[in-house]
Amino acid sequence: MVALGIGLALICGPLAGCKPLDQRTFNPAAGKPPKPYIPPAPPAHVTPPLVEIIAGTTPDTWQAAVTKATRAALARKPSVLFTVTAVVRAQGDALAQGAAMAHLVDTDAQAVAATIIAAGAPAAQVQMTAMPDPGVQHDVTRVYIR
């Protein structure tokens with residue numbers, strides 16, 4: 001017994017004190033009050049697009065609606081910024097993703113931007129973007145305004 005005490009004194013002495021074993025040795029959160037789960041804030045209000053056109057839709061189907069929406073937006077705010085966004089489904093690899101975005105921009109998004117400009121919007125007020133979105137079922141062209 002004396003040898004055990006001397007052994008502990010030799011081990012604990014140089015370490016500047018030993019911490020006694022208790023429930024926190026095995027569970028650091030033991031004895032602490034529980035912290036409630038606070039969910040993150042909901043996402044900011046998502047503005048719906050002014051117009052959404054499914055890829056491959058014929059221009060005579062959507063041109064009148066885009067022209068009407070463009071003129072209404074310009075009448076309400078002459079300095080409005082039109083953002084034409086080509087949204088494609090998520091593809092397997094980055095190369096296919098880029099090719100799908102380039103194709104949608106070259107075909108549908110360019111035609112939508114040209115229709116917006118023809119409806120009276122200055123070219124400086126039209127910008128174009130492309131992005132992948134795994135949540136869409138079909139490739140779409142969306143027009144947002146700011």
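A salt bridge here is a side-chain nitrogen of Lys or Arg within 4 Å of a carboxyl oxygen of Asp or Glu. In this predicted model, a search of the whole structure turns up 2 of them. One is formed by Arg142 and Glu52, whose closest N and O atoms sit 2.6 Å apart. Arg142 belongs to strand β4 and Glu52 to strand β1, so this pair ties together parts of the chain that are 90 residues apart in sequence. The two partners can also be described by their accessibility. Arg142 counts as buried because its relative accessibility is 16%, while Glu52, with a relative accessible area of 46%, is partly exposed.

The other pair is Arg89 with Asp139, whose side chains meet in a salt bridge at 3.9 Å, N to O. This one also links distant parts of the chain: Arg89 is in the loop between β2 and α4, Asp139 is in the loop between β3 and β4, and 50 residues separate them. Arg89 comes out as partly exposed at 35% relative accessibility, and Asp139 as buried, with a relative accessible area of 16%. As a general point, side chains of opposite charge can pair when their charged atoms come close.

Now for the overall layout. The protein has 4 helices and 4 strands, and from the N terminus on, these elements run α-α-β-α-β-α-β-β. Of the 146 residues, 27% are buried. Among contacts with a separation of 6 or more, 77% are between residues 24 or more positions apart.

The strands make up an open sheet of 4, ordered β1-β4-β2-β3, and the pairing is mixed. At the edges are β1 (51–54) and β3 (126–132), each of which pairs on one side only. From one strand to the next, the twist averages 20°. Strands of a sheet pair through backbone hydrogen bonds, either parallel or antiparallel. Both senses turn up around β2. With β3, strand β2 pairs in the parallel sense over 7 bridges; with β4, the pairing is antiparallel and runs over 6 bridges. On the β3 side, Phe82 stands opposite Val126 and Ala86 stands opposite Ala130.

Helix α3 (residues 59–76) lies across β1, β2 and β4 (140–145), and runs at about 160° to β1. Helix α4 (residues 94–118) touches β1, β2, β3 and β4, with its direction at about 150° to that of β2.

Within β2 (residues 82–88) sits Thr85. At 4% relative accessibility, Thr85 falls under the 20% cut-off and so counts as buried. Its bridge partner in β4 is Arg142, the residue that also forms the salt bridge with Glu52. On the side-chain level, Thr85 and Thr129 are joined by a polar contact of 3.1 Å. Leaving out residues up to four places away in sequence, Thr85 touches Thr129, Met131, Val140, Thr141, Arg142 and Tyr144.

Gln125 is found in the loop between α4 and β3. A polar atom of the Gln125 side chain lies 2.5 Å from the backbone oxygen of Val80. Setting aside neighbours within four places in sequence, Gln125 is in contact with Leu74, Pro78, Ser79, Val80, Leu81 and Phe82.

Technical notes
Residues are numbered from 1 along each chain as its sequence is written. This is a predicted model: local features need pLDDT of at least 70, side-chain atom pairs count only at pLDDT 80 or more; totals for chains, interfaces and linings use all residues. Side-chain values use heavy atoms; hydrogens and water are left out. Helices (H or I, at least four residues) and strands (E, at least two) are DSSP runs, numbered from the N terminus. Buried means under 20% relative accessible area, exposed over 50%, partly exposed in between (1.4 Å probe, protein chains only). A polar contact is a pair of N or O atoms within 3.5 Å; within protein, one must be able to donate a hydrogen and the other to accept it, and residues adjacent in sequence count only if both atoms are side-chain atoms. Contact means heavy atoms within 4.5 Å. Two strands pair if DSSP finds at least two bridges between them. Axes are lines fitted to C-alpha atoms, for helices over the stretch in contact, and angles run from 0 to 180 degrees between N-to-C directions.
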